[in-house]
Amino acid sequence: MKKYGKDRNTVKRTQLLSLFAVNLVLLPLIQLSYHLYFIPNIAEGSFYLIIFPTLIILSNLLLCCSRQRVAASIHWTFVYVGQGTSIACYFVWHYGQLKPYPDMPPGEAVFDLCMSTFLIGLWQFIVLVLIHLSTFIILKMGLTFKKA
């Protein structure tokens, strides 16, 4: 089994595949299933600002608690890439569904879609950064208490 990285940050291929599967495959599938099945039942704002970041964190927390021990920097990199991939899937899905009103100027519907995608991605990114910072602080505090 090949290992990548140095010393304590050694990452096995299975660990990378599990991170890839959770963040780059499962998250866009959650996004797609929301658009196919749950959009009439769950408000879009609450899904993108509360439920989806919670699902990202819970799925990665389950992955982190399993035997797949990965360095936090690699883990969070995959979280951010997965969030970006799901935002890209959001844009592609809505672009395929885009039907501008007849009285709209050309390109305004696409501009609105770009702006809403940017704002949703920005808010999700802010939520993930706040969670990332809080877990980083908690881990550092836990390590200092453990040393003392």
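Biologist: To begin, how many helices and strands does the protein have?

Modeller: In this predicted model, the secondary structure comes to four helices and two strands. Along the sequence the pattern reads β-β-α-α-α-α.

Biologist: What share of the residues is buried?

Modeller: Of the 148 residues in the protein, 27% are buried. The accessible surface comes to about 10,000 Å², and carbon and sulfur atoms account for 71% of that surface.

Biologist: And the contacts: what percentage join residues at least 24 apart?

Modeller: Counting contacts between residues at least 6 apart in sequence, 68% join residues at least 24 apart.

Biologist: Let us turn to H1. What length does it reach?

Modeller: Helix H1 covers residues 13-38, which is 26 residues, and spans 35 Å from its first C-alpha to its last. That is close to the 38 Å expected at 1.5 Å a residue.

Biologist: Where does H1 bend?

Modeller: The bend is at Leu 26 and comes to about 30°. A proline, Pro 28, follows within four residues.

Biologist: Which residues of H1 are buried?

Modeller: Among them are Val 22, Leu 27, Pro 28 and Gln 31. The buried residues of H1 also include Asn 23, Tyr 34 and His 35.

Biologist: Which residues does UniProt list as "transmembrane region"?

Modeller: The unreviewed UniProt entry lists residues 16-39, 45-65, 77-96 and 116-139 under that name. In the model, residues 16-39 are 96% helix and 0% strand, with the end C-alpha atoms 32 Å apart. Residues 77-96 are 100% helix and 0% strand, and their end C-alpha atoms lie 29 Å apart.

Biologist: On to single residues. Is Ile 56 buried or exposed?

Modeller: Ile 56 lies in helix H2, residues 44-65. Its relative accessible area is 1%, so Ile 56 is buried, the cut-off being under 20%.

Biologist: Which residues is Ile 56 in contact with?

Modeller: Apart from neighbours within four places in sequence, Ile 56 is in contact with Leu 27, Val 79, Gln 83 and Leu 128. As for Val 22, its C-alpha atom is separated from that of Ile 56 by 8.8 Å, although the two are 34 residues apart along the chain.

Biologist: What about Ser 86: buried or exposed?

Modeller: Ser 86, in helix H3, is buried, with a relative accessible area of 0%. Not counting residues up to four places away in sequence, Ser 86 touches Leu 27, Pro 28, Gln 31, Phe 52 and Gln 124. Of these, Leu 27, Pro 28 and Gln 31 are among the buried residues of H1, and Gln 124 is one of the buried residues of H4.

Biologist: What does H4 look like, then, and which helices do its buried residues pack against?

Modeller: H4 has 40 residues and reaches 58 Å between its first and last C-alpha, close to the 58 Å expected at 1.5 Å a residue. Its buried residues are Ala 109, Leu 113, Thr 117, Ile 120, Gly 121, Gln 124 and Leu 128. They pack against H2 and H3.

Biologist: How accessible is Phe 125?

Modeller: Phe 125 counts as partly exposed, at 39% relative accessibility. Tyr 80 is partly exposed too, at 22%.

Biologist: Why is the pair of Phe 91 and Tyr 95 stacked?

Modeller: Their planes are at 20°, and planes under 30 degrees apart count as stacked; the ring centres are 5.9 Å apart. Both residues lie in helix H3, four residues apart, about one turn of the helix.

Biologist: Lastly, which residues do ring pairs link into a cluster?

Modeller: The cluster consists of Trp 76, Tyr 80 and Phe 125.

Methods
Residues are numbered from 1 along each chain as its sequence is written. This is a predicted model: local features need pLDDT of at least 70, side-chain atom pairs count only at pLDDT 80 or more; totals for chains, interfaces and linings use all residues. Side-chain values use heavy atoms; hydrogens and water are left out. The expected span of a helix is 1.5 Å times one less than its number of residues. The bend at a residue is the angle between axes fitted to the seven residues ending there and the seven starting there. Buried means under 20% relative accessible area, exposed over 50%, partly exposed in between (1.4 Å probe, protein chains only). Rings of Phe, Tyr and Trp (its six-membered ring) pair if their centres lie within 6.5 Å; planes under 30 degrees apart count as stacked, over 60 as edge-to-face and the rest as tilted. UniProt positions are given in the numbering used here, feature names are shortened, and annotations may be inferred rather than shown by experiment. Contact means heavy atoms within 4.5 Å. Accessible areas come from the Shrake-Rupley method with a 1.4 Å probe; for residues, only the protein chains shown count as cover.
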